[in-house]
Amino acid sequence: MRFIIVLTLSITSLFAYAQFVTGNADTKPSPGTIKQQSNPKPMLGLPPLIIPVDNPQTQAKIELGNKLFHDKRFSIDGTVSCSNCHDDNKAFTDNLPVSLGNNGKFGTRNAPTVINAAYNKVQFWDGREPDLESQSKQPLINPVEHGLSDYKPLLTIVQTDPEYVTAFKSVFNINEKAITMDYVAKAIASFERTVLSGNSAFDRYYFKGDKTALSEAQMRGLQVFLGQGRCVSCHVIENDQALFTDSKFHNIGIGINQIQQDVPKLAEAFLAAKNKGANVDISVLSDKKSSELGRFAVTDVLSEVGAFKTPTLRDIELTAPYMHDGSLKNLNDVVKHYNNGGVTKVGDPVNPYLSGGIRPLKLDNNQIDDLVAFLKALTGSKAANLAAKEN
Ligand code: HEC
Ligand code: HEC
């Protein structure tokens, strides 16, 4: 696990560095002293990663987070860890349409990859959590995921298992009684901040000028991506890096057709339940119709019905099936959905909340093939071995 943190050179960051190496890194800096830390030498194609000041990366913390991420004991039936649905060997997804949690229960949504989630401005398809730390606490107590009724069973394990007690002591300098969910969440988030993908064939071609990195078809596909396909308007490529997302929410016509007639009633009922204190995380992952409300469930804004966060496209070849409901089984189906102007089946009605950016593209079959070939050039160097295995 290589993760290099180079701190910006200033007196305050030297202070932070001193904390970093003494293993006392989680002492809260006094307000206004340290703004942010980042790794200014990220992988080719990625921007520097911003690390929260109150959760600096240390090797020991990353290792602790890795262990927590893979611990199946943190679930009601002892079978579910984060990695069930975000599997290291499946590009941190589960390759299922919707995720399988405890006791054979399915949720409503497709597991997004954790790869590059560290760069997300907000977490989840609907952006209902602001960061990795807060995100990590939700699946543990969601009835269709880890299924714990509260955090007590998890805390009992980390406060009594000698390996955890030692690790929390050395990482956070705390005794077992002081281990809380905030520390657990910090360690998990630190691990996730090492799950990164860059240096793909696309990056070597586009940012390093290696003209041999892409095949002819992939080069033509890139032109479709940038031009007639208009993919880049949401899956953004910058001058010096590309995260392939605008961090915004759009309705691109997925899943919404199943609830279209009922939207006003559903939206009203959802708001009423929310105002009475219903837990949004539980509602959207347990109830298929609530799930389809998308960003609306978070903002209460009707025009955001069926809008979901633009996901990254890095390692996309490895994370089928696609979309928030896992309804498209391969990249060819994805491109056809866009080519049809936001409907999966030609002739289906276009939903009234469809993003203005989605309209028929008039791509011919060769262009579709080229675009799919291009998407396969976004597989990062770390994942390339995996891709080779699958093909
Ligand atoms: C039962 C399967 C399952 C388990 C277990 C699970 N997740 Fe997820 N994860 C999902 C699904 C499904 C989503 C999308 C839910 C949504 O957007 O409403 C998700 C979303 C996420 C995201 C947001 C990614 C993004 O692009 O917005 C992160 C990060 C994440 N999970 C990390 C974790 C961590 C950490 C754990 C363990 C504490 C965990 N997950 C446990 C299925 C699972
Ligand atoms: C208007 C913004 C927008 C445009 C334009 C756009 N996308 Fe998307 N893309 C999204 C959003 C939002 C999602 C998730 C939608 C959902 O799940 O409901 C998505 C999902 C995807 C996915 C599935 C990702 C996953 O992890 O499941 C792929 C692949 C994809 N887009 C490729 C493309 C390609 C190729 C183009 C050009 C033909 C394109 N997109 C154009 C916004 C856009």
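Author: We begin with the elements: helices (H or I, at least four residues) and strands (E, at least two) are DSSP runs, numbered from the N terminus. A213, for instance, sits in the loop that links α8 (201–206) to α9 (216–226). This is a predicted model, in which local features need pLDDT of at least 70 and side-chain atom pairs count only at pLDDT 80 or more, while totals for chains, interfaces and linings use all residues. Residues are numbered from 1 along each chain as its sequence is written, and chains are lettered from A and ligands numbered from 1 in the order in which they are written.

Reader: How many helices and strands does the chain come to?

Author: The chain has 16 helices and four strands.

Reader: Which residues does A213 touch?

Author: Two residues are in contact if their C-beta atoms, placed from the backbone, lie within 7 Å. Leaving out residues up to four places away in sequence, A213 touches A201, R204 and Y205.

Reader: Which residues does V144 touch?

Author: V144 belongs to the loop between α4 and α5, and V144 is buried because 20 other C-beta atoms lie within 10 Å. Not counting residues up to four places away in sequence, V144 is in contact with G101, K105, F106, G107, L285 and S286. L285 is 141 residues from V144 along the chain, yet their C-alpha atoms are separated by 7.3 Å. For the chain, take the contacts between residues at least 6 apart in sequence: 66% of them join residues at least 24 apart.

Reader: Which residues of helix α6 are buried?

Author: An α-helix has 3.6 residues a turn, so residues three or four places apart point the same way. In α6 (residues 162–172), Y164, A167, F168, V171 and F172 are buried. Down the axis of α6 these residues fall within an arc of 95° (taken from the directions from the helix axis to the C-beta atoms), so they line one face of the helix. P162 and T166, on the other side of α6, are exposed. The buried residues pack against α2 (59–69), α5 (152–160) and α7 (181–192).

Reader: At what angle do the axes of α2 and α6 cross?

Author: Axes are lines fitted to C-alpha atoms, for helices over the stretch in contact, and angles run from 0 to 180 degrees between N-to-C directions. The axes of α2 and α6 cross at roughly 145° and come within 9 Å. A60, K61 and L64 of α2 meet A167, S170 and V171 of α6.

Reader: Which residues of α15 are buried?

Author: In α15 (residues 365–375), eight of the 11 residues are buried: Q367, I368, D370, L371, V372, A373, F374 and L375. The buried residues of α15 pack against α9 and α14.

Reader: Which residues are closest to ligand 1?

Author: A residue is counted around a ligand if its C-beta atom, placed from the backbone, lies within 6 Å of it. Ligand 1 has 28 such residues, and C82, C85, S99, F124 and W125 are the closest. The elements giving two or more residues to this shell are α3 (82–85), α4 (132–136) and α11 (280–286). Around ligand 2 there are 26 residues, the closest being C231, C234, Y322, H324 and G357. Helix α14 (residues 331–339) gives the most to the shell around ligand 2, four residues.

How values were computed. Buried ≥ 20, exposed ≤ 12 C-beta atoms within 10 Å, placed from the backbone.
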